[in-house]
Structure formats: C-alpha cells, structure tokens
Amino acid sequence: MKQVFRSKLAWVFGWAWIIFAAWNAWDLIVRGSMPSALIAGAVLGVITVFVGLLALRPAIIPEEGGVRIRNPFRTAYVPWSDLDEVQVSNAIVIVAGDTTVRCWSPQPSARERAKAARRATRKQASEQRPHEAAALGRTHADWVAQQLSEMAVLRKRDTSGATRVSWSPVSIAGLAAAVALVVVTIVLA
C-alpha cells in the first residue's frame, strides 16, 4: 500500500462534498427545470472543481525513487538523492538544490503549533522525560517532515529520475471545464 501524507480533514470534507454534489446533480437532472437547474448545476460544478483541486489533490507521496508533491496546479518530483532539506514553517518546504517546493498539505496551523507547544510545556513541567516532551511539541507536519527526512537517508541509493516541477494537465482541464460551464450557463440562461 502506498503511503500518502495529506490533510485528513480536507480529504474527508472533499469526498463528502463529492457525494453531496453527485446527489444534487442527479436531482437537478431528474427534477430540475431550465434555466434554474442550469445555473445551480454550474455553481455546483465550479465549487466541485475547486474542492477537488484544493481538498483532494494536495498530497505528499513518497515513492521508491523519490517523493512526489501534488499541489493544486503543479506536481513536483524530487529524487531522494537530490533532497537536501525538509523544513516546516507555515507549510512543509522541500529543498532540492536550487528548487524549493512548498507543499499545500499537510499544513500546520498557528493554533495547532500553539497547542503542541502548550502540551510539551505542560508535560515537561510535570517532569516527563525530555524526549517525550519534544515529541509532544510536534505537529502532524513536523512528523511528516521527519518521516521524509528519514526516508531520504534510507532510500538515497534507490534514487531514480531528476528533480522536476510541472503543471498538472488534469487540474488545468478541470479549471477549463469550470470556466466553460460558467460561459455556457451565461450564454444559455
């Protein structure tokens, strides 16, 4: 099974929206009347494209030869041997030579960071072991960054490919379909 790092909440919300949109699209086809069904369908379609791009697509996917980063409109591939550093600030940032890739998911929120810091401080104050307190002060993004760094060290010999960043044809097609849907709705409604 392939390991994928992403925001679980966004993934659940995204699939819940897809089910909601499919149900409503079916209802519009069966019971809708023009032009209101066309307008509602266009709104539903545009929102669904953006939910797909922003909630379902972003992910970090470790592979045998490197790590693939899917952002809404771009896909990056960094071989393990090229991966220099994995940083966490308001996003996970992967540095590979002159290429820097900001990952859309998972992102640590300021609230999550503050909560993790409070949890670590509280545990440290209650005389826990220092390494346990440090682990409690990490966010999910910190854990993902550590996993990627460890994979880079362990899999450096299994490297394949070259660092590349490219536009996602599926994302561009989805955006074009949403624009076309809006244009058709304006013309026909």
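Biologist: What share of the contacts with a separation of 6 or more is between residues 24 or more positions apart?
Modeller: A contact means heavy atoms within 4.5 Å. In this predicted model, residues 24 or more positions apart account for 62% of the contacts with a separation of 6 or more. On conventions: the model is predicted, local features need pLDDT of at least 70, side-chain atom pairs count only at pLDDT 80 or more, and totals for chains, interfaces and linings use all residues. Residues are numbered from 1 along each chain as its sequence is written, and side-chain values use heavy atoms, with hydrogens and water left out.

Biologist: How many helices and strands does the protein have?
Modeller: Helices (H or I, at least four residues) and strands (E, at least two) are DSSP runs, numbered from the N terminus. The protein has six helices and seven strands. Along the sequence they follow the pattern α-α-β-β-β-β-β-β-α-α-α-β-α.

Biologist: Which strands pair with strand 3, and in what sense?
Modeller: Two strands pair if DSSP finds at least two bridges between them. Strand 2 (residues 66-70) pairs with strand 3 in the antiparallel sense over five bridges, and the two form a hairpin with three residues between them. Within this pairing, arginine 68 stands opposite tyrosine 77. Strand 3 also pairs with strand 7 (residues 164-167), again antiparallel, over four bridges; here alanine 76 has valine 165 as its bridge partner.

Biologist: Is strand 3 mostly covered or mostly open?
Modeller: Buried means under 20% relative accessible area, exposed over 50%, and partly exposed in between (1.4 Å probe, protein chains only). Strand 3, residues 74-79, is mostly covered, with five of its six residues buried. In the protein, buried residues make up 34% of the 189 residues.

Biologist: How do strand 5 and strand 6 run, and how many bridges join them?
Modeller: They run antiparallel and are joined by five bridges. Isoleucine 94 has valine 101 in strand 6 as its bridge partner. Strand 5 and strand 6 form a hairpin with two residues between them, and glycine 97 in the turn has a positive phi of about 65°. As background, most residues other than glycine have a negative phi, and most peptide bonds are trans.

Biologist: Which residues touch the most other members of the largest nonpolar core?
Modeller: A nonpolar core is a set of buried Ala, Val, Leu, Ile, Met, Phe, Trp, Tyr and Cys residues joined through side-chain atoms within 4.5 Å. The largest has 20 residues, and Ile60, Val67, Ile69, Leu83, Ile92, Ile94 and Leu148 touch the most other members. Two or more residues each come from strand 2, strand 3, strand 5 (92-96), strand 6 (99-103) and helix 5 (140-154). Helix 5 gives the largest share, six residues. Apart from this core lies another, of five residues, among them Trp17, Ala21, Leu44 and Val51.

Biologist: What does isoleucine 94 touch?
Modeller: Not counting residues up to four places away in sequence, the residues touched by isoleucine 94 include Val67, Ile69, Val78, Leu83, Val101 and Leu148.

Biologist: How many salt bridges does a search of the whole structure find?
Modeller: Side chains of opposite charge can pair when their charged atoms come close. A salt bridge is a side-chain nitrogen of Lys or Arg within 4 Å of a carboxyl oxygen of Asp or Glu. The search finds two. Aspartate 27 and arginine 31 meet at 3.2 Å, N to O; being four residues apart in helix 1 (residues 8-31), they are separated by about one helical turn. Aspartate 27 is partly exposed at 24% relative accessibility, whereas arginine 31 is exposed at 63%. Arginine 68 and glutamate 63 meet at 2.8 Å, N to O. Arginine 68 is partly exposed, at 23%, and glutamate 63 is buried, at 19%.
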